[in-house]
Amino acid sequence: MKKLAGSRQKAEGSFLRATVGSPPPIELQTLNFKLQTPNFGLRTSNLGLSVVGAGPGDPELITLKGLKALQSADVVMYDALVDEALLDYAPPAAARIFVGKRKGKPSFKQQEINELIVDFARLFGHVVRLKGG
């Protein structure tokens, strides 16, 4: 049980790293609620990552499989080239986290994004990494 508590603290620390100084938008209310719910998080089943190509900018060009992945997401991590209209396909309770990179703007390093994916999958379940371009 001690290991699970440590994992939850690590995931909560990742959440704080993702929210402090990160570019908006991020749905803090949803994530804070999930972190404060006693039995929420540290899933042992339904963990997963789907990497979804958002296409060249037209939201109508996403594949059906990508659309299904978005519809079942608990967390969507998206980059700067994604048309934000695609985020509407995620469930209302899914957290939306911007992890894009723009020259001269604060951004996450790829290693930090990788760590967040693992931490959020352990805490929330299905993570979709939505990539544009």
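Which residue in β3 is the bridge partner of Val76? The partner is Arg96.

This report concerns a predicted model, in which local features need pLDDT of at least 70 and side-chain atom pairs count only at pLDDT 80 or more, while totals for chains, interfaces and linings use all residues. Residues are numbered from 1 along each chain as its sequence is written, and side-chain values use heavy atoms, with hydrogens and water left out.

Helices (H or I, at least four residues) and strands (E, at least two) are DSSP runs, numbered from the N terminus. An open sheet is formed by four strands in the order β1-β4-β2-β3, with parallel pairing; two strands pair if DSSP finds at least two bridges between them. At the edges stand β1 (48-53) and β3, each of which pairs on one side only. Between β2 and β3, which run parallel, there are four bridges.

The structure contains one salt bridge, a term for a side-chain nitrogen of Lys or Arg within 4 Å of a carboxyl oxygen of Asp or Glu. It joins the side chains of Lys131 and Asp79 at 3.8 Å, N to O. Lys131 belongs to strand β4 (residues 126-131) and Asp79 to the loop between β2 and β3 (95-98), so the pair ties together parts 52 residues apart in sequence.

Asp74 is placed in the loop between α3 (64-71) and β2 (75-78). The table gives accessibility, where buried means under 20% relative accessible area, exposed over 50%, and partly exposed in between (1.4 Å probe, protein chains only).

| Residue | Relative accessible area | Class |
|---|---|---|
| Asp74 | 18% | buried |
| Asp79 | 9% | buried |
| Lys131 | 35% | partly exposed |
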